[in-house]
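Have the sequence and the model side by side. We will go from one chain to the pairing of two.

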2 protein chains.
Amino acid sequence: MRHDNRPDAGRARKSKNESGQTAESAPSKARRLKHGERRDALLRAAKELSVERGFAVPSLEAIIERAGGSRRSIYTEFGGKEGLRNALLAEISDEILPALHTGIGQDTDLRAALTRFAHKFVSTLMSERGINMSRIIMQDSFVSPARAKSFFARGPGEGAKLLASILEAARARGEIETKDCALAANCFIGMVRGNLYLERVLRIRPPLAEAEIDAHIGAAVDIFLDGLRPR
Amino acid sequence: MRHDNRPDAGRARKSKNESGQTAESAPSKARRLKHGERRDALLRAAKELSVERGFAVPSLEAIIERAGGSRRSIYTEFGGKEGLRNALLAEISDEILPALHTGIGQDTDLRAALTRFAHKFVSTLMSERGINMSRIIMQDSFVSPARAKSFFARGPGEGAKLLASILEAARARGEIETKDCALAANCFIGMVRGNLYLERVLRIRPPLAEAEIDAHIGAAVDIFLDGLRPR
DNA sequence: TATTTATGGTACTGCTCAGTACCATCATTG
DNA sequence: CAATGATGGTACTGAGCAGTACCATAAATA
C-alpha cells in the first residue's frame, strides 16, 4: 500500500553503504543497535564532542556522524535537541560532581581535611576535562537557568555544605573560632578558586603544574586556619 | 542612467516612513545622522540590548531596529559583525573596568583598603548590570579568547596587581606577614568572590542586599587579616 | 520463508541570520 | 538650484541547522 503520489517518492538514493560507518565506538560493523545501545552511543558521542571542543551541544549532524544512527534516532531517544541537552548535561554532572566530593570528611585533622577538599576541587575542576565541562555548563546556563541551578546545588552548593559541617565539627572541638561556618566555608572555597578558576575557564592560563597547585592551596589553608584560630 | 535589466529593479517599496523611527536615542525625527553619530547610536543600541538581556551580541536586525540606520551602516561603521563585537566588548570593558579600581590604594589603613577594594568589587560586578556584563564577556570568551585575555588583564588581573602592591606596603610596615603577596592577593579576591559571584552569574541568586554584602566582606576581611597577622 | 515492526538513512522544509547588491533619498557644495 | 556624494532602506543570497517525512532495510516473529 505505497502511495506514490509524493513528488520524489522514487528518487535515487545515494547508497552510502560503502564506508559510511564513522562510528568509532562500534566495532566496524555493528549495524542496527537496539534501543538502549543507540541511546548510549548518541549520548557518549555528544558528550565527547562537547568535552573535546569545550563547547556546548554540537550540531545533530556532528553527533550522528560520530555515533552512527540517524536524526531519527535522536528524536526517538531524546525527543529532540532539548531532550538531548538535558541528558547531556546530566551525564556531565554525573561524571564531574561525584569526583568533587568523594572522600571529603574522612580526615579527623582539620588541616588535612581542608587540604584534601581543596585538592579535590582544584584537580577535578581545573583539569583540562574539568574546565571543558565547566565551560559547557556555563554556556548551558545561558540557555537554561534551571539546569544551572541543579548543577550548582549538586556541585558547589553541596561542597559548601560539606565543608561547613566539617567546620562546625572543628568549632565544636574548639579548634577554630567563627560566628558563621557557612560563611567561612564560602570564603574558603572562594580562596581556593582564587583567580585561577576564572583564568582557566577563560583559557588564559594553561593547566596548573602540581607545584603551583600545592603552593596555592598551601597559602589558602594557612591564611584560612590562621584567620580562624581561637584567641 | 538606470539600468533596469535587473529582475526587480522597479519593485514596489514599502514606504516605511510612517513611523519607522524606532530609534529612541534620537529625538523623534533625526534622520540622516552623520558618521560618528550613527556609529555611536549603533554601538549604544548593541550595548543596551546585550546588557538588558544578559546575552552576547544581538542580531543585526535587533540592533538596527533600535538604533535606526540599516545593515549597511553596520558594515560601513564596523566592517561587519565581528568588528561590532570588538567595539561592543571594548565599550563594555571601558564601562565596567574603571569602576572596579577607582579609589583603590587611597586608604592608609589596611583594613579600610581591603574593605574598600572588596566593596568596589562586589558592588560593581555583582550588580544587575555588572552581572549582565560579566555574562556577556564570558559568553564572548567562548568565541574569542583574545578578547577574554585583554579583559582579564585590564580587570581582575589589574585588580590583583593593585591589591598585591597594597599588601606589599603593609608588609613593609610590618602589619602583615606573608611570603607571597601576589598569592595572598589572589586568595583575598577569591574570598571576596566566594560562591556568590558564580551564583549571580548563573542567575541562581537575586542581587545581594547591602547587609549580605557587608556580612560577607566583613567575614572575608576578618579571616584574611587574622590569617596574615604577624606572630 | 514470508510478514510485520522498528530502526537507519536521506532529502526536504522552514527558520534565523550574516553578508551583499542596489535603489531611494537626503545633504552638501558649487 | 542643480549635480554629486554619502547614507538609509529593502530584498536577495547562501549557509547552518533543527525538525519532519518517508523510503529502505535489518531484525523479529510466525
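The paragraphs below cover confidence, domains, a helix pair and the interface.

This is a predicted model, in which local features need pLDDT of at least 70, side-chain atom pairs count only at pLDDT 80 or more, and totals for chains, interfaces and linings use all residues. Residues are numbered from 1 along each chain as its sequence is written, while chains are lettered from A and ligands numbered from 1 in the order in which they are written.

Start with confidence. pLDDT is the predictor's confidence in each residue, from 0 to 100. Chain A averages 85, and 85% of its residues score at least 70. Residues 1–30 of chain A stay under 50. For that stretch the model has 14 contacts beyond four places in sequence. A contact here means two residues whose C-beta atoms, placed from the backbone, lie within 7 Å.

Next, the domains. Their bounds come from an automatic or database domain assignment. In chain A, domain 1 covers 35–79 and domain 2 covers 89–228. Their C-alpha centres lie 31 Å apart. In chain A, 6 residues of domain 1 are in contact with 9 residues of domain 2.

Now look at two helices of chain A. Helices are DSSP runs (H or I, at least four residues), strands likewise (E, at least two), numbered from the N terminus. Helix α4 (residues 81–101) and helix α7 (residues 145–172) of chain A pack at about 5°, with axes 11 Å apart. Axes are lines fitted to C-alpha atoms, for helices over the stretch in contact, and angles run from 0 to 180 degrees between N-to-C directions. α4(A) is therefore roughly parallel to α7(A), a label for angles under 35 degrees. Among the residues that meet are Leu89(A), Ser93(A) and Leu97(A) from α4(A), and Phe151(A), Arg154(A) and Leu162(A) from α7(A).

Finally, bring in chain B. How many residues of chain B are in contact with chain A? There are 39, and they touch 39 residues of chain A. α10(B) gives the largest share of this side, 10 residues. The side of chain B divides into 23 nonpolar, 8 polar and 8 charged residues. Nonpolar means Ala, Val, Leu, Ile, Met, Phe, Trp, Tyr, Cys and Pro; charged means Asp, Glu, Lys and Arg; the others, Gly among them, are polar.

How do the copies relate? Chain B can be laid on chain A with an RMSD of 0.0 Å, by a turn of 180° and a shift of 0.0 Å along the axis. The two copies are thus related as by a two-fold rotation axis. The superposition is by least squares on the C-alpha atoms of residues with pLDDT of at least 70 in both. Of the residues of chain B, Gly227(B) comes closest to the rotation axis, at 1.8 Å (C-alpha).

Definitions and conventions
Angles under 35 degrees count as roughly parallel, over 145 as roughly antiparallel, 65 to 115 as roughly perpendicular and the rest as oblique.
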